[in-house]
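These are my notebook entries on a structure that I had not examined before. I record each item as I looked it up.

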Amino acid sequence: MTTVQEQQRIQTQFQEKMNQDELLNCMRCGFCLPTCPTYIESGYQESHSPRGRIALMKAVVDGLIEPDEDFERSLDLCLGCRACEPVCPSGVNYGHLLEEARDIVNQNKKFSMPVRVVRKAVFKGLFPHQNRMRGLTGLIGFYQRSGLQKVARGTGVMKLFPESIATMEKVLPKVPTMKEMKNRPEHLEAIGTKTHKVAFFSGCLMDTMFLETNNATMKLLQLAGCEIVIPKTQACCGALHGHSGEKEDAKALARRNIKAFEDDGVDFIITNAGGCGAFLIDYDHLLKDDPEWKERALAFADKIKDISQILVEVGFHEKVKLELPHQVITYQDSCHLRNVMKTASAPRTLLKAINGVEFREMQNADRCCGSAGIYNIVESEMSMQLLDSKMVQAKATHATTIVTANPGCLLQMKLGIEREGLASSMRGVHIVDLLVEAVKE
Amino acid sequence: MLTATVKEKIISVVSAANFDDTKTGRLVYSYDATPNFQSMPDGVVSPRNKEEVSEIVKICNEYKIPIVPRGSGTNLCAGTCPTEGGIVLLFKHMNKILEVDEENLTATVQPGVVTLDLINAVESKGLFFPPDPGSMKISTIGGNINENSGGLRGLKYGVTRDYVIGLEAVLPNGDIIRTGGKLAKDVAGYDFTRLFVGSEGTLGIVTEAILKLIPVPETKQTMLALYQDLEAAAKSVSKIIASKIIPATLEFLDQPTLRVVEDFAKIGLPTDVKAVLLIEQDGPPEVVQRDMARIAEVCKEEKAVSVKVAQSEAEAEGLRTARRSALSALARLKPTTILEDATVPRSEIARMVNAINEIAVKYDLNICTFGHAGDGNLHPTCPTDSRNHEEMERVEKAFAEIFEKAIEFGGTITGEHGVGVMKAPYLELKLGKEGVAAMKAVKAALDPNNIMNPGKIFAKDSRKRVVVSR
């Protein structure tokens with residue numbers, strides 16, 4: 001609950017910090033409405049649409065309304081999927097508006113003690129520190145390997161957790177060992193003729209829990225003729241912080257990453273997580289008010305490219321023979337890969353190039369699955385509603401493999417498969433894992 | 001403000017879940033797609049059926065509370081901006097396609113159905129609902145009916161009015177009436193169906209509609225013709241029609257628009273040409289082939305510098321991009337985009353576009369014109385900034401002059417957007433004093449307490465629009 005004083009502070013900061021030109025750029029045409037998952041799922045409530053949210057932000061700036069609980073609710077329920085941006089005739093950068101608004105609200109809000117502790121532990125204590133990420137993943141590994149998992153499931157203790165977490169526990173990948181996580185390459189040569197020198201952004205979660213996917217990514221890059229450097233000093237991209245109203249922490253991580261990748265003389269910086277890539281490619285906006293870093297951020301952002309994009313550009317799918325046993329596959333877009341990095345056709349091109357595979361487009365593949373960072377934990381109800389709609393479409397394709405391009409989406413898809421009781425007939429995979437599986441050397 | 005009694009009565013009809021008078025809840029229905037109009041309603045009500053609509057209307061009539069029916073709020077004449085407060089009526093529960101009747105070729109729908117959803121639903125049965133306003137992905141049929149929306153297919157297929165053959169409506173006294181039916185012929189009394197279509201929510205509330213459908217055309221072809229001369233483009237339009245060909249699409253872009261579009265979309269449009277026509281024909285393959293060949297001939301005879309017929313759907317899509325990007329390209333230039341729809345007989349298009357360009361020079365404004373050349377419905381569009389009051393004054397004057405010119409050429413102040421609040425001060429230009437008085441008499445007869453979307457269509461005074469009102 002925000003107090004009157006908090007509301008006044010928020011209002012003043014909205015007037016000082018929100019980009020008024022951007023707010024005014026929204027001409028309220030409503031073209032964003034049909035693309036907004038929360039507008040549709042809330043039963044067409046304008047307050048849960050991009051146009052509504054922008055109008056509310058502007059109304060706070062103009063003093064027409066106070067930033068009360070209803071206002072916060074509207075901001076909180078936004079997935080930040082940014083599906084509204086590509087369809088906006090005026091090109092309003094909604095993502096930036098949302099980020100700024102959330103930052104102002106959160107910085108002026110007194111969270112309850114437990115929430116504060118959790119936020120601090122996650123945003124400051126965990127994600128910025130790769131060794132601690134390894135530690136946590138190690139704990140999960142211990143849980144999975146020690147027999148504790150069996151015990152937990154057997155005793156039904158998982159029932160004490162909210163449904164999405166309880167199911168999530170089942171779908172976590174089998175995590176790597178501590179040794180595997182520590183022993184990471186820093187430089188890899190191209191296989192065959194070298195076409196590019198690239199850097200690999202390994203990410204925090206990707207280089208621990210999804211280590212295998214990172215290995216697969218590097219393998220594909222090598223096969224595509226890329227020499228790879230993997231700077232050791234890189235850190236978490238900061239997306240989680242940025243999207244949750246912890247902008248200063250995000251900036252600190254951005255500076256660290258820019259520095260880590262600056263001197264390698266690479267053509268591109270490759271990512272394999274749409275969520276991270278979209279945040280990295282926006283570093284120049286994040287640091288726009290920092291004269292010392294602005295230019296460096298832009299140079300960094302210009303080099304960001306998704307793995308699927310570079311593979312298509314170098315003709316990987318034409319050079320390397322790809323084959324799998326016959327199966328129907330479908331692809332769920334990563335919202336940020338599609339809407340921010342504008343990469344939608346490359347993953348499909350690659351999947352269609354696999355022999356033996358029948359690719360079937362799922363209806364509304366471009367609509368958010370409800371994962372959205374930590375959204376599926378903090379807004380579990382809406383997230384599960386979105387997931388249920390998603391699974392209806394996925395099932396309609398009769399696909400046995402759902403491919404995604406981002407770890408959050410992947411876990412959510414696995415969650416969906418588990419919830420539908422389809423674990424024996426359907427699987428969720430990251431695109432690079434499927435491609436490596438299909439490589440015939 | 002709604003009194004506690006009124007609030008209680010409304011809630012007893014629709015339940016608390018369908019009544020919202022929080023500040024946030026009201027703010028998001030204080031605007032529509034019209035620049036510079038915003039006004040808070042006192043409450044937002046979402047009825048679930050016609051009986052509830054009728055009960056709400058009765059309450060509002062008793063307490064003289066304005067009612068503003070609202071679909072998705074995409075109209076461009078401030079028709080759904082609650083300028084006099086009152087309640088905004090939403091149709092989010094009344095959004096079902098009740099029936100697609102393949103024997104009578106009709107669809108029966110509730111007002112909240114999204115236009116594109118209806119189009120898709122009937123096309124899956126090989127049927128066609130032609131009205132396609134620019135906002136069809138989210139606009140509702142109820143909104144289309146109340147604004148009598150047009151679209152790109154208007155020339156050949158007509159507008160919303162031509163496809164509404166029956167209505168169920170709640171009158172301002174709460175009576176529920178039915179008009180028309182699944183009938184091609186029906187002359188039983190006044191044509192209330194047509195009266196309600198385009199009435200902008202000022203006469204009653206549409207709660208159900210019977211729509212006419214036609215068979216879906218078999219094929220379609222697309223062509224782009226470029227001109228060095230505006231008159232030549234306009235003459236091509238007239239000559240195509242004079243050749244007894246009615247194209248499905250006949251769209252026009254002028255040079256200022258072309259430059260902006262190319263700058264934005266980078267699709268290789270030559271910016272040194274003065275005008276572009278996008279032409280489409282649909283129907284049986286042999287007819288389409290023949291018509292397109294003839295159209296291409298006409299365009300060349302009229303000195304088109306280039307005529308390009310798309311060889312594939314992908315290429316057709318590319319050609320359409322030019323027209324489709326027009327709004328996006330213009331909207332990005334400046335924060336405020338004033339988009340009008342002055343319409344003239346198609347024989348007057350060249351004169352009208354020239355007049356618009358002269359007016360733009362006179363008031364030192366950037367006005368780009370594109371639109372539906374085939375039906376004379378132009379969209380002079382002015383990218384501006386509502387914070388620049390001096391410029392807004394000039395925009396105001398320029399558009400007033402554009403409307404006057406349109407009338408002078410035998411046209412109208414609005415072809416498809418509606419009058420609303422935005423163009424109410426200009427209605428008399430088109431109708432004359434007597435015409436306005438006759439329309440007001442109809443309004444007063446059906447809605448003596450003036451509760452139905454008050455302040456729309458008829459201006460309170462001759463004060464011109466545009467200036468911000470809260």
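Helices (H or I, at least four residues) and strands (E, at least two) are DSSP runs, numbered from the N terminus.

I also noted the conventions. Residues are numbered from 1 along each chain as its sequence is written, and chains are lettered from A and ligands numbered from 1 in the order in which they are written. The model is predicted, so that local features need pLDDT of at least 70 and side-chain atom pairs count only at pLDDT 80 or more, while totals for chains, interfaces and linings use all residues.

Entry 1: strand S4 of chain A.
I looked up the pairing of strand S2 (residues 196-200) of chain A with S4(A), and found it parallel, over three bridges. In this pairing A:Val198 stands opposite A:Phe268 of S4(A). S4(A) is also joined by three bridges to strand S5 (residues 304-306) of chain A, again in the parallel sense. There A:Ile269 has A:Ile304 of S5(A) as its bridge partner.
Are the faces of strand S4 (residues 268-271) of chain A covered or open? Both are covered, with A:Phe268 and A:Ile270 buried on one side and A:Ile269 and A:Thr271 buried on the other. I take a residue as buried if 20 or more other C-beta atoms lie within 10 Å of its own, exposed if 12 or fewer, and partly exposed in between, with C-beta atoms placed from the backbone. In a regular strand the side chains alternate between the two faces of the sheet.

Entry 2: a sheet in chain B.
I traced an open sheet of four strands in chain B, in the order S1-S2-S4-S3 and with mixed pairing. Strand S1 (19-20) and strand S3 (67-70) of chain B are at the edges with a single partner strand each, so one side of each has no neighbour in the sheet. S1(B) pairs with strand S2 (residues 43-45) of chain B in the antiparallel sense, over two bridges. B:Asp20 is opposite B:Val44 of S2(B).

Entry 3: helix H4 of chain B.
Which residues of helix H4 (residues 115-123) of chain B are buried? I found B:Thr115, B:Leu118 and B:Val122. These lie on the same side of H4(B), because they cover an arc of only 65° around the axis; the arc is that of the directions from the helix axis to the C-beta atoms. Their cover includes strand S5 (97-101), strand S6 (106-109), strand S7 (127-128) and helix H5 (141-147) of chain B.

Entry 4: B:Thr321.
I located B:Thr321 in helix H11 (residues 313-331) of chain B. B:Thr321 counts as partly exposed because it has 15 C-beta neighbours inside 10 Å. Leaving aside neighbours within four places in sequence, B:Thr321 is in contact with B:Ala265 and B:Ile267; contact means that the C-beta atoms, placed from the backbone, lie within 7 Å.

Entry 5: where the chains meet.
I found 27 residues of chain A in contact with 24 residues of chain B. On the side of chain A that touches chain B, helix H2 (20-25), helix H4 (50-62) and helix H5 (69-76) of chain A each supply at least two residues. H4(A) gives the most, with four residues.

How values were computed: Two residues are in contact if their C-beta atoms, placed from the backbone, lie within 7 Å. Two strands pair if DSSP finds at least two bridges between them.
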